[in-house]
Amino acid sequence: MNGGTGSKRAVGDVLHAVVERGWCSGCGVCAAACPADALAMAPDAEAALVPHDVGGCTACGRCIAVCPFGPHGPDEDALAAQRFADAPRHGGIGHARACAAGFAATERAHGASGGLATWTGVRLLESGAVDAVLAVGPVADGRMFAYRACSDVAALRACSGSHYHQASLDEALRAAVRARSRVAVVGVPCTIKALRRAASEWPALAACLGPCLGLACGQQKTHAFTALLAQRAGVPHEASVRTVRYRIKRDGVPPHRFGVEVGYATGAATATASGEFPFDAWVPRVFTLGACEWCDDLAAETADVTFMDAWVEPYLSEPRGTSIAIVRSAEMAALLEAGVADGSVSLEALAPDAVRVSQAAGLSYKSTGLADRLWRAAGSGMAAPRKRIAPGRDRRILRSLANRLVSDVARASRRSFALTGDAEAAFRATTIRRMVASIARSLDARLPSRGRTS
Ligand SMILES: Cc1cc2nc3c(=O)[nH]c(=O)nc-3n(C[C@H](O)[C@H](O)[C@H](O)COP(=O)(O)OP(=O)(O)OC[C@H]3O[C@@H](n4cnc5c(N)ncnc54)[C@H](O)[C@@H]3O)c2cc1C
Ligand code: SF4
Ligand code: SF4
């Protein structure tokens, strides 16, 4: 569909410069920001959500200006410095007024970790600071998950949890701007960056955009990941899947060993299947988006506050789950402090180093790993997006090999799913690469640590 509808299509628009190169994360901000409504979000052949040209492009260039992977515009450092210059900056996690670990008692049981993201949105709604929170939750149509404008607490609570399924902001954002609602937005780092870029290109959005609540993000998956999870849980036909809970906490089980639950239609009735989270596909990046291979922001550095899992002791031994918060704006600091004062939130101060330890694997993939991928791209004449980190060869051969193989796994699994439509077969098609990557990683871990030289 792209390019075939008589639109003007400026050279350098998002379809040419980002989507066709496989760098799109499916945030949908370009589609929302397009004044001609010339872009519509839909899955491509690899089951990744991307914008499609539906005609009417006037070549204004706003789509590429807002895109987080577009070549122009301020990067995360510049966007964050515009807002959070009064908070110290820390490598890997960005500006931080404070870091803390904790939970909100009312939201923890249904939250992905400690429920702090939902609690923060609830407080913003209850205080009247915003008219709605744009959050991702289940929807009863073929998309399964979508951004919803939650204007009451029940609607926001129904969105809690982490959904490893792409959701585009375009419809909810456009509707909020048209209604001139003041909104908070919950999103992964690339989505928040796109919103920041868009706010300076689109004055009507700037007037509506309230606090941005970031989620740390190591990777996002195409819809094929949900198909794999459903297949493994024993759902007879992927098309019958209606709901998925990706992270179910279990008594006595560490919070990072999730269970999953899939609701599916059987005739006129519905049934539920349970299973284990497919870590064997998650860790080696099976069905990971192409965009995520080029991402250098784990901690949503442009968000007013970022929430993440506390993957560090003593919190790893707590089955009910604990969130880490990186607080950047004064408004979010005051809101969390008020929650501590009235007892609705429990928080313990955390050093930035402890946050980095908690996210060590993701940060390494997005720093030395990304530098190595950029170096390889430069060497082979392949295009790569503009990044904050410079290309640099990782001379730790085993680590570099493992990183290279998992990038290949992501690409090969997406392509294989496009050809066969069978998620388990696409997973198996990457077996050798996954095994070699795992061996390389474990051998590398046994070697004394050495610095990267480039
Ligand atoms: C794709 C993805 C990758 C992640 N990767 C990491 C990681 O590498 N390391 C880490 O520590 N944490 C990661 N997280 C964040 C983590 O899973 C939790 O969201 C975070 O700990 C907050 O938990 P909570 O209990 O405070 O949130 P909750 O109170 O459960 O609220 C979660 C909020 O996130 C929103 N949400 C859920 N799925 C999506 C989505 N796909 N897109 C946008 N918003 C969504 C929900 O609408 C809800 O508002 C990731 C989250 C996602 C969605
Ligand atoms: S990353 Fe977002 S803004 Fe860029 S092309 Fe994809 S959907 Fe559009
Ligand atoms: S890893 Fe980066 S590009 Fe991928 S979804 Fe997360 S924030 Fe976006």
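A residue counts as near a molecule if its C-beta atom, placed from the backbone, lies within 6 Å of that molecule. The model examined here is predicted. Around ligand 1 there are 33 residues. Gly111, Thr118, Ala135, Gly218 and Met308 come nearest to this ligand. By class, the shell around ligand 1 holds 15 nonpolar, 16 polar and two charged residues.

The domain assignment of the protein gives four entries. Domain 1 spans 14–66. Domain 2 is made of two segments, 76–220 and 288–359. Domain 3 covers 223–282, and domain 4 runs over 367–446. The C-alpha centres of domain 1 and domain 3 are 30 Å apart.

A hairpin is formed by β1 and β2. Strand β1 takes in residues 39–43, and strand β2 takes in residues 49–53. The two strands pair in the antiparallel sense, over five bridges. Pro43 has Leu49 of β2 as its bridge partner. Five residues lie between the strands of this hairpin. In the hairpin, Ala47 takes a positive phi near 70°.

Methods
Residues are numbered from 1 along each chain as its sequence is written. Chains are lettered from A and ligands numbered from 1 in the order in which they are written. This is a predicted model: local features need pLDDT of at least 70, side-chain atom pairs count only at pLDDT 80 or more; totals for chains, interfaces and linings use all residues. Domain bounds come from an automatic or database domain assignment. Ala, Val, Leu, Ile, Met, Phe, Trp, Tyr, Cys and Pro count as nonpolar, Asp, Glu, Lys and Arg as charged, and the others, Gly among them, as polar. Two strands pair if DSSP finds at least two bridges between them. Helices (H or I, at least four residues) and strands (E, at least two) are DSSP runs, numbered from the N terminus.
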